Amino acid sequence: MALAHPVAVSKHRQPLPLRVGTRASPLALWQTRDFLDRVTHFCPVLRDAKAFEEHAISTSGDQIQDRKLADIGGKGLFAKEIHEALLDGRVDFAVHSLKDLETEMPPGIVLACTLKREDARDCLLPGPALPACDPADPLAALPPGAVIGTSSVRRQSQLLHLRPDLRLVMFRGNVATRMRKLAEGEAAATLLALAGLRRLGLEPAGSVALDPELMVPAAGQGIVGVTVRADNTELHELLAAIEDPEARAVSAAERALLAALDGSCRTPIGGHARLLPDGRLRLTGLVARTDGSFLLKRSEEASAKDAVRLGAELGSALRRDSPADLFA
Ligand SMILES: NCc1[nH]cc(CCC(=O)O)c1CC(=O)O
């Protein structure tokens, strides 16, 4: 199998170098290089410095730093310009954090591959003024009324539901920017995806991963997805070789849940699936109000081959049982 794909690539005259689109943030570049490492591991014939060309693309989500993403159009913002580059033929494929990728691809683009998941959990990072968190009761480190920096409505709603005394301030920017704000005391603590911290080697002492049942992660968190043009079958084949079937199953369930909920991008939504030891899939979904005054969390199981149906059904059920204005 390792050799079949590079042959297919050369036989079909896919011109080299293959151009890979990515955001320019340190995390995006790390993920892109990790992806290329995986490709060349399976296809040693591509292990040539000139086989790939990285194209860093600045997206609307990167350019607009002063407002909540929810207020400026949400998800697709980190991918729009990258989709355009794919469709225009400026790049051949693109690497995304799956959680920043909308559930429905634009016509002509397919999500061809999902890579092995890094830890999906969110992580609580106490700032310099707080004690280290106790893994058994992480929120106990936060004094009454503590200011928490996050601009994720999903994290905010779950925190406030548990601790209505907390105060939230907006934190945006890439991982390093948010950690600098924390170090400078703009908030007492912040929450970040553990995956990003690990990949960047920034997992600070005193931080603690939150149980995904306590703080339900975003659909696709910790998973990298690769998109290509729908008609580029050679690259589909190449990418199929490095697909992680478990990441495909869990992300299919999580993304089907998200699609069925179809919240406005202001609706706090969480989705987290895992494979059980018996091979079945367990999916937890969450819908909440941003202020934490309403929170609905439910889990269901199904066979892994029914991942999409599991997500769609749980999403519909959560939607049915939530106040209608959350989906207005
Ligand atoms: N929304 C930004 C974003 N997109 C992906 C990650 C981290 C990596 C991942 O979840 O795959 C982050 C940072 C964060 O939420 O802390």
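Analyst: Helix α2 covers residues 26–42, which makes 17 residues, and from its first C-alpha to its last it reaches 25 Å, close to the 24 Å expected at 1.5 Å a residue. Helices here are DSSP runs of H or I with at least four residues, strands are runs of E with at least two, and both are numbered from the N terminus; the expected span of a helix is 1.5 Å times one less than its number of residues. Please keep in mind that this is a predicted model, in which local features need pLDDT of at least 70 and side-chain atom pairs count only at pLDDT 80 or more, while totals for chains, interfaces and linings use all residues. Residues are numbered from 1 along each chain as its sequence is written.

Which residues of α2 are buried? They are Ala-28, Gln-31, Thr-32, Phe-35 and Val-39, and they lie on the same side of α2 because they cover an arc of only 100° around the axis. A residue is buried if 20 or more other C-beta atoms lie within 10 Å of its own, exposed if 12 or fewer, and partly exposed in between, with C-beta atoms placed from the backbone; the arc is that of the directions from the helix axis to the C-beta atoms. The buried residues of α2 are covered by elements that include the strands β1 (18–22), β2 (52–56), β3 (93–97) and β10 (224–229), together with the helices α8 and α9 (233–240). Covering rests on contact, and two residues are in contact if their C-beta atoms, placed from the backbone, lie within 7 Å.

Two of these covering elements lead to further features. Helix α8 (194–199), for its part, supplies at least two residues of the shell around the ligand, as does β8 (189–193). A residue is near a molecule or strand if its C-beta atom, placed from the backbone, lies within 6 Å of it. Among the residues that surround the ligand are Ser-97, Lys-99, Asp-100, Ala-195 and Gly-196.

Helix α10 (residues 245–261) also has 17 residues, and it reaches 24 Å from its first C-alpha to its last, close to the 24 Å expected. Helix α10 is mostly covered, with twelve of its 17 residues buried, including Val-250, Glu-254, Arg-255 and Leu-258. What covers the buried residues of α10 includes β4 (109–114), β11 (269–275), β12 (280–288) and α11 (307–320), and α10 is followed by Asp-262, whose phi is positive, near 45°.

Finally, the chain as a whole contains eleven helices and 13 strands. Its radius of gyration is 20 Å, close to the 20 Å that the globule rule gives for 328 residues, so the chain is as compact as a globular protein of that length; this radius is taken over C-alpha atoms, and the rule is 2.2 Å times the number of residues to the power 0.38. Buried residues make up 43% of the 328 residues in the chain, and among contacts between residues at least 6 apart in sequence, 72% join residues at least 24 apart.
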